[in-house]
Amino acid sequence: MPGSQHKRMISSPLDPTSPQRVFSYSSAHAHLLAPAAPALITLDVESLRKTRENQPQALPWATSMKHLLTDSSLNVLLVFIPLVLLSQMFFSDAMTFTFAFLGLVPLAAGLGTITEDISLRTGQAGSALINLTFGNFTEMVISIVALMHGMNDLVKMSLMGSVLSNMLLTFGGAILVGSSKRHEVKFNANALGTYCVLLTMSTLGLIIPSCYGSMEGKTEVRLLELSRFMAFCMVFCYMAFLYFQLRSHADFFEDADDCTNGESGEDAEGSDEVPQLPVPLAVALLGIFMVLISWLSDQLVATLQPTAVQLGCSEAFIGFILVPLIGNAAEMATALLMAHHDKMGIACGVAVGSSIQVSLFVYPVMVLASWMLNGTLDLNLRMYTTVAVFLSVIVVTVIVQDGKTNWLEGLFLLVAYIMVGVTYMFVSPKDAR
């Protein structure tokens, strides 16, 4: 009989004892417990509904666009994008270069905001893949356009300028800001130690081709072969680092995401971010921004040489100082803001991590891309740039080795960047030997 069957089931060894197990058991055998099933199944649906309501939801389209446009003060520079078209018809090449330069800055920052919003919906591995693809998209587009114009020296100068800008200017500025409210600032020594090892590996990959390029009897063919081999090795090292950071030794970098200098965890509380953009809008904006960045990059590269002549400055100075500021402006603002809020772990990760990505991944990938395009881009930076990068890595390593720093060391990093950068006002890329 149904009643006796029901009684036997409840008294059987399978009968759960905890409320949670009663719920799961009853739901699984709802076809046997007809009277109790509707209430239990309703409870299950209600639980799922509440769980769905508690999940973060993106804002409406209009609100999302307003948030994106007002999120950064750099967005005021968007007005220069249509001026590029006007300058091609009515103004000089220097004005076209200036408008393209200013228009690229908010686009690079906006692209970072969009990709960060998309990565909030993915796991840690998905977020890393998105950052790997779009983290330095502006630098990669400018480099590819320069490769297509045969401007290999501009690629080298802009990428190495980006490395030193983040490593010296951004990192030094973050230390200064973080030291303004305390005697000294601390950060995750394990994470920064790993970063310095990676910077040293990237420097090694640059020094070997540069030394070979300065030898007598060297050939361009052998130099290209050596550079491409080194590029494969550097990309492999970066991929190994991603596995190290995300899987095998993720605990090394845990403190890098926390508030490491504050006396309380107030700043760390409430740090859960919610996606601001609906997925269709984020994907559409991502495509629009990529197209605009590609177009403005082409205008920037095409007018660089005439601009250098009209302004009376070196192409090396424009490539080493000005062009890297396009992609680094947003990263610099983020690092300074995090340092101001006593989150030096994040600030160091933004500054030094960007240098690692460019030197150990973006530059080698550009060498391999040039190979596929039948180009001749190599890793030979020539003597001056190689020495500047090598000494800068040593300075940063010495500063972070004890896991703490102060305003004086931050100031030294800024002075080191000025010392390196000013030199490019007087030399051409081919003279920096």
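**The cysteines and their pairing**

Guide: A search of the whole structure finds 0 disulfides, a disulfide being a pair of cysteine sulfur atoms within 2.5 Å. The model is a predicted one, in which local features need pLDDT of at least 70 and side-chain atom pairs count only at pLDDT 80 or more, while totals for chains, interfaces and linings use all residues. Residues are numbered from 1 along each chain as its sequence is written, and side-chain values use heavy atoms, with hydrogens and water left out.

For C237, the closest cysteine sulfur belongs to C233 and lies 6.9 Å away, which is too far for a bond. C237 is partly exposed, with a relative accessible area of 22%; here buried means under 20% relative accessible area, exposed means over 50%, and partly exposed is in between, using a 1.4 Å probe and protein chains only.

C348 is likewise in no disulfide, since the nearest cysteine sulfur, that of C196, is 9.8 Å away. With a relative accessible area of 0%, C348 is buried.

A buried residue elsewhere in the model is L296, whose relative accessible area is also 0%. L296 is found in helix 12, residues 279–302, where helices are DSSP runs (H or I, at least four residues) numbered from the N terminus. Leaving aside residues up to four places away in sequence, L296 touches I81, V84, A100, G103, L104 and L107, contact meaning heavy atoms within 4.5 Å. The C-alpha atoms of L296 and F97 are separated by 9.0 Å, although the two residues are 199 residues apart along the chain.

Terms used
Helices (H or I, at least four residues) and strands (E, at least two) are DSSP runs, numbered from the N terminus.
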